Amino acid sequence: MKKHLLIAALLAAVSLQASAQEKPRNVIFFIADGGGPASFTMARDYSRAILGKESLSMDAIQTGAVHTYSANSRITDSAASGTAYACGVKTHNGVISLDSLYRPVGTLVEAAERKGMKTGLVSTARITHATPAVFSSHIVNRGWEAQIADQQIRKGIDVLLGGGSDFYLPDSLGGKRKDNRNVIDEAIDLGYMFVDDRDGLLGDVRLPLLGIFSTDHMAFEIDRSNTSQPSLAEMTTKVLDLLDGGEEGFLVVIEAGRIDHAAHANDPAAHIHDILAYDEAIKVALDFARRDGHTLIVATSDHETGGLALGRNKNGDGVYVWNPELISGIDSSIEYFVTSLMNRLSAGSLGPHISTFVREQYRDVFDIANPSSRLLAQTDDLIERAVSDGNVGVILRLAQALAEEISRPAGIGWSTWGHTAVDVNMYAFGPGSEHFKGSIDNTE
């Protein structure tokens with residue numbers, strides 16, 4: 001009996017070792033743009049307190065941390081960190097898939113295509129924004145998004161899904177291109193099927209597929225019900241359905257781009273809901289990988305944004321308070337609210353009782369029953385000046401005051417409107433996941 005048990009144990013060990021050394025056929029690479037360690041803690045606490053879920057789907061596959069510095073700064077931007085992930089080299093902030101001497105470097109997508117793999121890019125940001133750009137173009141300045149669009153549709157990528165028709169369309173059609181080119185039409189001429197809303201994506205589509213669902217970035221998840229846009233989980237489901245089944249496998253990169261924008265705005269509610277939407281997309285991928293058995297999932301962030309802290313000083317004293325319940329009643333991003341308010345002010349549709357209306361909105365939309373004197377002052381300043389002189393600074397100050405009004409009572413602190421140098425979380429699952437553990441550099 002002992003001999004049989006020993007043989008069984010040895011066979012099991014050999015099987016595990018073989019499994020650990022198996023190479024994946026498919027790779028799904030997730031990037032939570034701007035999501036730091038505190039971001040995921042905040043989303044998990046919110047999920048537990050408000051939604052009754054004890055953990056995030058990604059919690060079970062957390063394996064380590066990633067260093068994010070760039071070639072010229074301890075605090076990276078998305079272009080440099082994305083280039084490290086796409087190409088395995090350090091470069092300068094703002095540079096897209098060129099090394100620090102500005103020479104083009106091959107990307108994971110280009111390598112996958114040489115192997116005959118199918119490829120896809122998905123983002124809730126503009127598809128020409130820095131993170132999807134590093135996998136689909138080589139350019140010295142991330143701001144040259146019209147040129148990035150030109151390169152994207154000629155890279156042979158099978159699926160492109162995201163926002164940002166602005167840099168695909170000429171200004172004569174409402175876009176931002178100055179060369180009068182319609183790059184969506186050019187993509188169709190190259191063989192792409194094109195869709196521009198959720199129904200189109202979830203319908204009968206084929207490869208290659210281009211889906212652009214907004215003029216600029218896609219909506220924050222908290223605002224998505226006001227749109228006809230698909231969720232990140234729905235885009236993930238569709239791209240996996242389309243790419244699955246090829247003999248050589250596939251590589252898909254999926255970015256939750258608006259996590260970053262919510263953190264730049266210090267908007268905790270928008271930040272949380274986009275992280276939860278990201279976690280839903282990871283669950284879709286995990287379910288697929290567990291069924292498939294040959295798929296590697298790697299997930300990380302390009303950098304942390306906002307300097308988020310759960311716990312902060314109040315009136316000069318450190319208070320041990322972080323209360324997710326205080327942001328559970330919010331049903332709009334700050335961006336959506338301020339933009340909608342500006343549009344209504346510009347249209348003159350609010351009448352003589354503007355101040356009363358705005359205070360009611362603070363109560364109904366953001367659960368602020370007693371606005372602070374600072375917020376009221378910024379509100380009155382906006383009402384008085386923004387429409388007459390288009391003062392962007394006034395709009396920004398109102399957004400900042402509203403962010404503080406939401407964050408402070410809940411015990412949420414922010415150190416910056418920009419990025420930080422904090423290491424970011426790393427997650428991995430499936431064959432090959434043993435290589436992604438510990439504390440590693442983004443080029444690794």
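In the predicted model described here, helix H11 supplies the largest share of the lining of the largest cavity, namely 3 residues, where helices (H or I, at least four residues) and strands (E, at least two) are DSSP runs numbered from the N terminus. Residues are numbered from 1 along each chain as its sequence is written, and side-chain values use heavy atoms, with hydrogens and water left out. As the model is a predicted one, local features need pLDDT of at least 70 and side-chain atom pairs count only at pLDDT 80 or more, whereas totals for chains, interfaces and linings use all residues.

The structure holds 1 cavity of 30 Å³ or more, and the volume of the largest cavity is about 100 Å³. A cavity is here a set of points, on a 1 Å grid over the protein atoms alone, where a 1.4 Å probe fits but cannot get out, while a pocket is an open set with protein on both sides within 12 Å along at least five of seven lines; lining residues have an atom within 4 Å of a point. Grid points are joined across faces, edges and corners, and a volume is the space filled by probe spheres set on the points. The largest cavity is lined by 14 residues, of which Thr124, Ala219, Glu221, Leu232 and Asp274 are the closest to its centre.

For the largest pocket, the computed volume is about 820 Å³. Its lining comprises 34 residues, and those nearest its centre are Val27, Leu108, Leu296, Val298 and Phe436. Two or more lining residues are given by each of helix H1 (2-21), S1, helix H3 (78-87), helix H4 (108-114), strand S8 (295-300) and S16, with the largest share, 4 residues, coming from S8.

The largest nonpolar core has 78 residues, among which Ile28, Phe30, Val252, Tyr278, Tyr362, Phe366 and Leu402 touch the most other members; such a core is a set of buried Ala, Val, Leu, Ile, Met, Phe, Trp, Tyr and Cys residues joined through side-chain atoms within 4.5 Å. Helix H11 (residues 268-292) gives the most to this core, contributing 12 residues. A second, separate core of 39 residues includes Cys87, Val105, Ile139 and Leu160. With neighbours within four places in sequence left aside, Phe30 is in contact (heavy atoms within 4.5 Å) with residues including Tyr278, Ala281, Ile282 and Ala285, as well as Ile297, Val298, Ala299 and Thr300.

An open sheet of 10 strands, with mixed pairing, runs in the order S5-S6-S4-S3-S7-S1-S8-S15-S2-S16, two strands being paired if DSSP finds at least two bridges between them. Strand S5 (193-195) and strand S16 (438-441) are the edge strands, each pairing on one side only.

Strand S7 (residues 250-255) is largely enclosed by the rest of the structure, because 6 of its 6 residues are buried; buried means under 20% relative accessible area, exposed over 50%, and partly exposed in between (1.4 Å probe, protein chains only). In a regular strand the side chains alternate between the two faces of the sheet. Accordingly, both faces of S7 are covered, with Phe250, Val252 and Ile254 buried on one side and Leu251, Val253 and Glu255 buried on the other. Strand S1 (residues 26-31) pairs with S7 in the parallel sense over 5 bridges, and Glu255 is the bridge partner of Ile31. The pairing of strand S3 (residues 118-126) with S7 is likewise parallel, over 6 bridges, with Val252 as the bridge partner of Gly120.

Helix H6 (residues 145-152) is mostly covered, with 6 of its 8 residues buried, namely Glu145, Ala146, Ile148, Ala149, Asp150 and Gln152. The cover over these buried residues includes S3, helix H5 (130-134), S4 and H7. His129, in the loop between S3 and H5, is buried with a relative accessible area of 12%; apart from its neighbours within four places in sequence, His129 is in contact with Arg142, Glu145, His217 and His261.

Gly164 is placed in the loop between strand S4 (159-163) and helix H7 (183-189) and counts as buried, because its relative accessibility is 0%. Beyond its neighbours within four places in sequence, Gly164 is in contact with Arg126, Ile212, Ser214, Thr215 and Asp216. The C-alpha atoms of Gly164 and Asp197, which lie 33 residues apart along the chain, are separated by 13 Å.
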